[in-house]
Amino acid sequence: MANVSPHDAAALVEQVRSCAALGCDVFRLTVPDVEAAKVLGEVKKSSPIPLVADIHFDYRCALAAIEAGTDALRLNPGNIGSRDRVQAVARAAKEKKVPVRIGVNLGSLEKPLREELDAGKIDVPEALVRSALGHLKLLEDEGFRDVVISAKASNVLETLATYRLLAERTDCPLHVGVTEAGTLIPGAVRNSVALGILLSEGIGDTIRVSLTAKPEKEVRVGMEILRALGLREPGPAITSCPTCGRTKVDLMHVASQVEIALETLAKDGVKLPRVAVMGCVVNGPGEAKGADVALCGGDGEFLLYVKGKQICKVSEEDAAGKVVEYALSLR
């Protein structure tokens, strides 16, 4: 999801293109006012992937986004207002054939459900599911069924329970994720655990990784989750050691450079080799024999191996470039 100003078309275009290049399939933009809906229409002209308008509070923003050509809407019906406003959006979306994602979370539960939850009469998963299905009925009453449902919690176990319950009660496609998951490392872990479990159970049709970080980081984590489950083409296959006191090269920097370089090759359609980036002689030569291209750290430099054979010594500065050079020679 975009995190730049919804009124800055140039910044939005740059962000959507950056995320698309990393493998993002759908990009969401917040639309807090009618002017932002018009900006979305401008961004769409340059976007390589579909755009979703994220709507809260003002149903007129949804109508404006539909008019501007959004590919889909994300609505939180709990804060859109009265039934007739939700139905007005449903009628406009149906006419333009714009799909709607019902997005429910604890922060915008309807008052009766919130009261039941606070009184301990229902738990979080039940509250979220009842809210989502109630809003689904509003749309269905208008003959609108082109719907995806999300009901995200910030707690991993509550997220699992919620989506399992949704999968039992509806056959609508489900957009899965952990909301407000946190900063990069804890957020990546929470998303990976929840999404990995749900997707392995066959629950989930689209995903969003929520992080307090740049959206490109969200895409990278999401892609790795999908790759780990065999739901996306494999990315760079890099074996790298965690480093120890024997390491005399900047292995973390070199391994990151190699990973970025291989990601670039993958985007260009190059079949990726197996690469090992090791810090010292303990496991380095052994891993090198099992890799197509390998770097084995020494004292401020690396030994380069290709197909298990030692080729030459390379400096830290040249290491990533040499890996790319030999990766291309193996095509």
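Tutor: Angles under 35 degrees count as roughly parallel, over 145 as roughly antiparallel, 65 to 115 as roughly perpendicular and the rest as oblique. Axes are lines fitted to C-alpha atoms, for helices over the stretch in contact, and angles run from 0 to 180 degrees between N-to-C directions. The model is predicted: local features need pLDDT of at least 70, side-chain atom pairs count only at pLDDT 80 or more, and totals for chains, interfaces and linings use all residues. Residues are numbered from 1 along each chain as its sequence is written, and side-chain values use heavy atoms, without hydrogens and water.

Student: Why are α7 and α8 called roughly parallel to each other?
Tutor: The axes of α7 (residues 156-169) and α8 (residues 184-200) cross at roughly 25 degrees and come within 10 Å. Roughly parallel requires an angle under 35 degrees, and α7 and α8 are therefore roughly parallel. Helices here are DSSP runs of H or I with at least four residues, strands are E runs of at least two, and both are numbered from the N terminus.

Student: Which residues make α7 meet α8?
Tutor: With contact defined as heavy atoms within 4.5 Å, Val156, Thr159, Leu160, Tyr163 and Arg164 in α7 meet Arg190, Val193, Ala194, Ile197 and Leu198 in α8. By class, this contact of α7 with α8 has seven nonpolar, one polar and two charged residues. Ala, Val, Leu, Ile, Met, Phe, Trp, Tyr, Cys and Pro count as nonpolar, Asp, Glu, Lys and Arg as charged, and the others, Gly among them, as polar.

Student: How do α8 and α9 pack?
Tutor: Helix α9 (residues 215-228) packs against α8 at an angle of about 35 degrees, with the axes 10 Å apart. The α8 side of the contact includes Leu184, Ala188 and Leu195, and the α9 side includes Lys217 and Val221. The contact of α8 with α9 has seven nonpolar, three polar and one charged residues.

Student: What is the volume of the largest pocket, and which element gives the most to its lining?
Tutor: The largest pocket has a volume of about 830 Å³, and α9 gives the most to its lining, with six residues. The lining divides into 22 nonpolar, five polar and eight charged residues.

Student: What classes of residue line the second largest pocket?
Tutor: Five nonpolar, one polar and eight charged residues line the second largest pocket, whose volume is about 380 Å³.

Terms used:
On a 1 Å grid over the protein atoms alone, a cavity is a set of points where a 1.4 Å probe fits but cannot get out, and a pocket is an open set with protein on both sides within 12 Å along at least five of seven lines; lining residues have an atom within 4 Å of a point. Grid points are joined across faces, edges and corners, and a volume is the space filled by probe spheres set on the points.
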